[in-house]
Amino acid sequence: MLVNSHSYYSLRYGVLSPKEWLAFFESQPWPAMAITDINNTSACMTVLYLLRNHAKKRAVVGVDFRNGITPCYVALAKNWEGFRQINDHLSEHLHRKQRFSSRAPVAALKDAWIIYPLESLPPDAPLASNELIGIGVEQLRFLHLSPHVYRQHKLIAMPTATFRGKRDHNAHRLLRAIDENTLLSKLSKEKQAKEADRYLSNGELLSAYREVPYLLRQAQQVLEDCNVQLPGEASLNLQTYTGSKQKDLRLLKKLAYDGIPYRYPTVDFKVKERIEKELELIEKKNFVSYFLINWDIVNYAQKRGYFYVGRGSGANSIVAYLLKITDVDPIELDLYFERFINLYRTSPPDFDLDFSWRDRDDITQYIFKRFPHTALLATYNTFQYRAVVRELGKVFGLPKHEIDKLSRGKFNSNELDQLGHLVLRYSTYIQGFPSHLSIHAGGILIAEKSIHYQTGTFLPPKGFPTTQFDMVVAEDIGLHKFDILSQRGLSKIQDALHIVRKNKPEDTLLDIRNLQAFKQDEKIKSILRNGRAMGCFYVESPAMRMLLKKLKVDTYLGLVAASSIIRPGVSNSGMMREYILRFTDPERRQDAHPVLLDIMPDTFGVMVYQEDVIKVAHYFAGLSLGEADVLRRGMSGKFRSRDEFKRVENQYFENCKARGYSPELAQDIWRQIESFAGYAFAKGHSASYAVESYQSLYLKAHYPLEYMVAVINNFGGFYSTEFYVHEARKLGGTVAAPCVQQGDYPTVIRGTIIYLGFVLLHGLDETVGVTIGRERQEGGPFSNLTDFIDRVAIGIDQLTLLIRIGAFRFTGIAKQTLLWEAHHMLKGHKHSDLPAAAPSLFKGTVSSHDYKVPLLEQSSLERAFDEIELLGFPLADPFLLADEPLDQGTTAAELQEKLGHFVIAYGYLVTVKDTKTQKGDRMNFATFVDQNGDFLDSVHFPNIAAQFPFRGKGLYKVQGRVVEEFGFYSIEASALYKIAIIPDPRYEDQMASSRDNYSKTKGTMKRGAKRTME
């Protein structure tokens, strides 16, 4: 009958997980027990969910309100209104970062019990009908001396429960030391719980309160007065969009049928049948408002001109397609209806709505304004093992080198001292505890009533109320999640369209959603077949480039399959290789089991998509659609425990045995099913990715330079900016360094000349970069350096960066000469020294001068090293920087004719993928730019990877044998050597002087030593 107990959601304080809390509760004879974490409600819905089918046990939910760890009062919800009141009170203080007063706002918490610690209440404090005084075990011996002893009807037993025993107590103290960032030995008593704050069993409670049993009886009565149980799942979500379910359904039907002419110029029976079937099930499952809310969001986006992509399992829906939530035609792709929705499915289909990273915040703001009971979803940032080792090492006062050794696992256990063993032992124990709350990548909840009926909320920096539970809890209690995500791939497309209109205003662009035209485009097919999709969404990585070339993909359906095959679940299980084998060799397709081949003819009997798993479970193993849905949730990582999954697994094997399948076949199919966990895509989801890929492919095929400029400006692709710049040059662009006369803060294109943006210049202040373009646009071109300084507020530090990168080359004056002039004119004033508006601060001092500047020139190599320093990469050919003569090595174009031969190739490293063999040995896949500027791939097996490791970016010499697999050529490396680059020529004089001084000093020392010896 504990009325104040903590889980580990009393962050960096408590130590019990909700399941451990439940296990303790079940071990006691009490019918009710309270969960009251410190300023947190994360565990409340979880324990209610875990006890939903428990007839004899009931959780009471509430909060232990504290300032820091100093108790103020405990509040217990009598009912749902009480819980909402508690969460309103908690959230108000969390949002405003206010301390709690010593007395609770009784009127605002009228449906909650408020319990004050005995020591915190003044003797004459009046108490309302719902206010009580809690007596801890350690206070019993002084109770007879308390002025409150005469208010027996207000007293209840309230021992605080934080840990179970010594180990828990130690973990608690370590968590407190981590939170206080102090040594354990210096952790004060005031910063940690009392040793008496244990989970007391029923027997211990009866013994402790044997002199005052009425305190236990009154605590039990308080708990009996509280009743908060989970309602039916559907009732928590926004029930209607229009205010009426009938109106909702009519609106959904109207929107669906109004969308037919745009999507299907000719309508057949199959389309109408699918629409009616979906609408019927959407109504039966009470998902109508869910669809309309998603439609409302994308409709707002369309009105604002925002580019978006709808994906997720909802992409299997024709209704979503007609409402323009998605752009995937389920009829064309023959998408599996039961993956989208079936009568056994308890949660609605997922709609992941991707927006440009620039537009997402406005979309989120709109949702919060449009729907009153809205909140972002939280995630739990948990303690990871290596991080805990480091934290505990600091808490125990270990030196840094010992902490490094422990965190990296490079130690001999027998050589560790007691502290080392304690660090490892408690790191294992604390690993997985929640450390703090964060924000889900894009999850939003829209509830029927205030979200505070289910949770308290906190306010992260973006200013949107955020729940204290995560998506798993939301799904458990039946709250539907809306995913509003940001994606730079969409920004690339949106920006590219804008750049094309500006750079080629005479061109007529195709409708970017006209997928049918893109599917027939020969330029797009060629890019796909040859794996030249660098910069294009989801198809640019070396692994995808390899797969596209192996499969010779040039169709939409082929790309849909490739988008899913590349996922770890398919590739790691061996199904990717099997798919490629069956794709390239029709005879091998006969190896598939007839049932599997019949279920999945398009993928040759190989499981590729999530719905393939559902099909196999249902048609091959005879599981019901409800059981198959358990597999779906298991694959997506959304199931809470493996109990339900294990039951379905047992049923699977029983069914397979009953159907006469061999144990080997049943086990192999199950292995494939399990490999999908957390990775597999629904086919509609893959198709959505393919749609976006085609949109970016269209732009790259027809407007390659404009598209690459958009890619450079949006960052965040698979490759670094340097290689997107390289790709733009290969596509015919002339890449120029930042320029104050032609450039801008972002990278811009004028004709075929690409001027890199000031944003790429390391150390340049954004305000300076933005001001340059704006000032030139408003006041005309700059005439010279003097004119620039007159018009742009800039200090010598920022101006030096611009001069060194060559941004004033329009003047025709050498950089060193400009630097002399700049220092003379600005007299050493830094940008930080300038007032807020100071374009003409030095006007007059820069208009004329009577000094002579020495004529200085810079070599191309010096310029390259300036570019490396300021941009991170040279604009010149990196092979020119080699410190040794390079022969013409084998290039990517020559690999086919040298198949099986031993070759030497020179490459500029693009990327390295570290992976492990089935035995756990490390190996590498590497991609280089060869001497012709083409991609060159190599594979480094474990023995070579260990003997010849990669040593960072730069030039390499690769030796090995040319190999081929399914038409994809690469080098199987036998040796790897990094090539040194030339010494920095900008400091050659200094280095030469240093060498001369060293030689002179060395000679003097030798002569002195000789005289000493003599």
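Trainee: Which residue in S18 is the bridge partner of aspartate 914?

Mentor: The bridge partner of aspartate 914 in S18 is asparagine 924. Before reading further, keep in mind that this is a predicted model, in which local features need pLDDT of at least 70, side-chain atom pairs count only at pLDDT 80 or more, and totals for chains, interfaces and linings use all residues. Residues are numbered from 1 along each chain as its sequence is written, and side-chain values use heavy atoms, with hydrogens and water left out.

Trainee: What do the numbers of helices and strands in the chain come to?

Mentor: Helices (H or I, at least four residues) and strands (E, at least two) are DSSP runs, numbered from the N terminus. In this chain they come to 39 helices and 21 strands.

Trainee: In which sense do S17 and S18 pair, and over how many bridges?

Mentor: Two strands pair if DSSP finds at least two bridges between them. S17 and strand S18 (residues 922–929) pair in the antiparallel sense over 8 bridges, and the two form a hairpin with 5 residues between them, where glycine 920 in the turn has a positive phi of about 90°. S17, which covers residues 902–916, also pairs in the antiparallel sense with strand S20 (residues 955–965), over 7 bridges; there, phenylalanine 902 has arginine 961 of S20 as its bridge partner.

Trainee: What is the order of the strands in the open sheet of 6 strands?

Mentor: The order is S1-S2-S3-S4-S5-S6, and the pairing is mixed. Strand S1 (32–38) and strand S6 (155–157) are the edge strands, each pairing on one side only. Neighbouring strands of this sheet are turned by 35° against each other on average, direction ignored. Within the sheet, strand S2 (residues 58–67) and strand S3 (residues 70–77) pair in the antiparallel sense over 6 bridges, and phenylalanine 65 stands opposite tyrosine 73 in S3.

Trainee: Which strands does helix H3 lie across?

Mentor: Axes are lines fitted to C-alpha atoms, for helices over the stretch in contact (heavy atoms within 4.5 Å), and angles run from 0 to 180 degrees between N-to-C directions. Helix H3 (residues 80–96) lies across S2, S3 and strand S4 (112–117), running at about 20° to S2. Helix H6 (residues 213–224), for its part, lies across S1, S2, S3, S4, strand S5 (131–135) and S6, running at about 90° to S6.

Trainee: Is phenylalanine 25 buried or exposed?

Mentor: A residue is buried under 20% relative accessible area, exposed over 50%, and partly exposed in between, using a 1.4 Å probe and protein chains only. Phenylalanine 25, whose place is in helix H1 (residues 18–26), is buried, with a relative accessible area of 0%. Leaving aside its neighbours within four places in sequence, phenylalanine 25 is in contact with residues including Trp30, Pro31, Leu51 and Arg58. Phenylalanine 25 and serine 201 are 176 residues apart in sequence, and their C-alpha atoms are 9.2 Å apart in space.

Trainee: What percentage of the residues in the chain is buried?

Mentor: Buried residues make up 56% of the 1014 residues in the chain. Among the chain's contacts with a separation of 6 or more, 71% are accounted for by residues 24 or more positions apart. As for overall dimensions, the C-alpha atoms fill a box of roughly 100 × 90 × 70 Å, taken along the principal axes.
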